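User: I would like to learn how to read the architecture of a protein model, feature by feature. Please give the general idea in each instance and then the case at hand.

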Amino acid sequence: MKSPAGVDEAVAALAAGDVVGLPTETVYGLAADAANREAVAKIYRIKQRPADHPLIVHVLGDAQARSWGAWNPAAQRLTHTFWPGPLTIVLPRRPQAPAWACAGHATIALRSPSHPVAREVMARVLALGITGIAAPSANRFGRVSPTSAAHVRTDLGNDVAVVLEGGDADIGVESTIVDLSRGRAVLLRPGHIGADAIAAALGEPVAAPDVDAPRVSGSLASHYAPATPLQLVHRSQLDGALGHALAAGRRVALWSPEPPRPQGPDVRWHVQPGTADAMEHVLYRTLRELDAESADLILIQSPPTDPAWAAVNDRLKRAASPR
Ligand code: TXA
Ligand code: MG
């Protein structure tokens with residue numbers, strides 16, 4: 001079978017200890033051989049990511065994951081239900097798993113992505129003895145995650161030789177992260193797979209993160225942020241906030257389900273979808289488009305707050321958080 005365009009180059013680059021832009025079903029990743037210290041160091045350099053923020057190691061399946069993390073029954077249940085897919089589990093790191101794959105932490109984050117191009121690359125490098133691919137989202141630290149190959153080229157193009165084309169990311173927000181290293185399941189990052197689905201698969205509740213939770217980049221108050229100041233506004237206050245900004249002479253990029261009132265040349269309106277899945281799918285792309293309007297302010301109508309919208313609300317809250 002013929003491989004998708006660029007896969008040969010990507011496999012060669014990974015084997016040579018270089019980084020590659022890799023499509024996944026959640027967001028695009030900046031990928032490198034997790035067992036290669038120099039290759040992993042390149043990820044940190046390119047992303048400008050703090051050295052103590054650990055990466056996710058991507059694997060073809062649980063057979064590979066077991067050599068990186070100490071398996072337990074909860075890991076068995078969750079991976080059986082959700083892998084391959086948008087779920088990352090955190091497990092105690094096995095002694096033979098190198099510390100640089102997880103920034104020296106005693107635990108390791110593992111995910112088996114479902115995207116066919118990612119799987120093809122992982123299968124090809126596995127044949128060369130590479131069992132794990134370290135890959136954070138392929139954006140500079142703190143900025144909006146990429147959901148297309150074009151986003152990766154815009155953000156990191158000069159630093160990454162190979163960016164594989166994999167289409168628009170199906171899901172559009174990063175994987176759900178569940179910590180299984182502490183005896184009970186803790187949700188570290190909400191994602192497309194909700195806490196209720198995790199709890200159902202585990203047969204026990206999932207806790208919210210506490211102060212002891214390990215550091216997760218995405219859990220910093222300000223993250224996933226466009227350059228333009230961003231304000232989340234409840235529907236009932238939207239017309240008022242818009243009128244106020246326009247009266248002050250500001251140009252506004254607006255993301256709301258309903259057309260703006262008032263309208264005018266200083267309002268650039270983008271339509272907000274009505275379902276959580278659709279909103280996840282377009283979230284990062286739309287944040288980039290709103291940012292590109294060269295407005296003085298991005299106004300976003302806050303979405304519903306029920307559990308299906310947890311990932312969207314989490315990312316929007318961090319995007320709106322002052323830097
Ligand atoms: O969907 C995703 O997960 C994407 C795609 C590329 O797979 N990757 C992604 O990677 O979002 P990144 O690096 O942007 O976010 C990974 C998160 C970070 O917030 C990191 O702190 C957390 O996972 N993490 C990694 N190892 C961890 C560990 N041992 N304990 C707790 N959190 C960990
Ligand atoms: Mg990220």
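Predicted model: local features only at pLDDT ≥ 70, side-chain atom pairs only at ≥ 80, totals over all residues.

The dialogue below moves from domains to strands, salt bridges and backbone geometry.

User: Into which domains is the protein divided?

Analyst: Domain bounds come from an automatic or database domain assignment. Here domain 1 covers 7-202 and domain 2 covers 230-320. Their centres, taken over C-alpha atoms, are 30 Å apart. Contact, meaning heavy atoms within 4.5 Å, involves 19 residues from domain 1 and 12 residues from domain 2.

User: How much area do domain 1 and domain 2 bury between them?

Analyst: Buried area is the accessible area (1.4 Å probe) that two parts lose on being put together, summed over both. For this pair the figure is about 1,300 Å², with 51% of it on carbon and sulfur atoms. On the domain 1 side, Val144, Val173 and Pro190 lose the most area to domain 2, together 36% of what that side buries.

User: How many salt bridges are there between domain 1 and domain 2?

Analyst: Side chains of opposite charge can pair when their charged atoms come close. The criterion is a side-chain nitrogen of Lys or Arg within 4 Å of a carboxyl oxygen of Asp or Glu. Between domain 1 and domain 2 the count is three. Elsewhere in the list of pairs, Glu174 and Arg315 form a salt bridge whose closest N and O atoms are 2.9 Å apart.

User: What does the count for the whole structure come to, and which parts does the pair Arg124 and Asp8 tie together?

Analyst: The structure holds 14 salt bridges. In one of these, the side chains of Arg124 and Asp8 meet at 2.9 Å, N to O. Arg124 belongs to helix α5 (residues 116-126) and Asp8 to helix α1 (residues 7-15), so the pair ties together parts that are 116 residues apart in sequence. Helices (H or I, at least four residues) and strands (E, at least two) are DSSP runs, numbered from the N terminus.

User: In what order do the strands of the open sheet lie?

Analyst: Strands of a sheet pair through backbone hydrogen bonds, either parallel or antiparallel. Two strands are taken to pair if DSSP finds at least two bridges between them. Nine strands form the open sheet, in the order β7-β1-β2-β6-β3-β5-β4-β8-β9, with mixed pairing. β7 (162-163) and β9 (186-189) stand at the edges with a single partner strand each, so one side of each has no neighbour in the sheet. Strands β3 (residues 56-58) and β6 (residues 133-134) pair in the antiparallel sense over two bridges, and His58 stands opposite Ile133 in β6.

Conventions. Residues numbered from 1 in each chain as written. Chains lettered and ligands numbered in written order. Heavy atoms only, no water.
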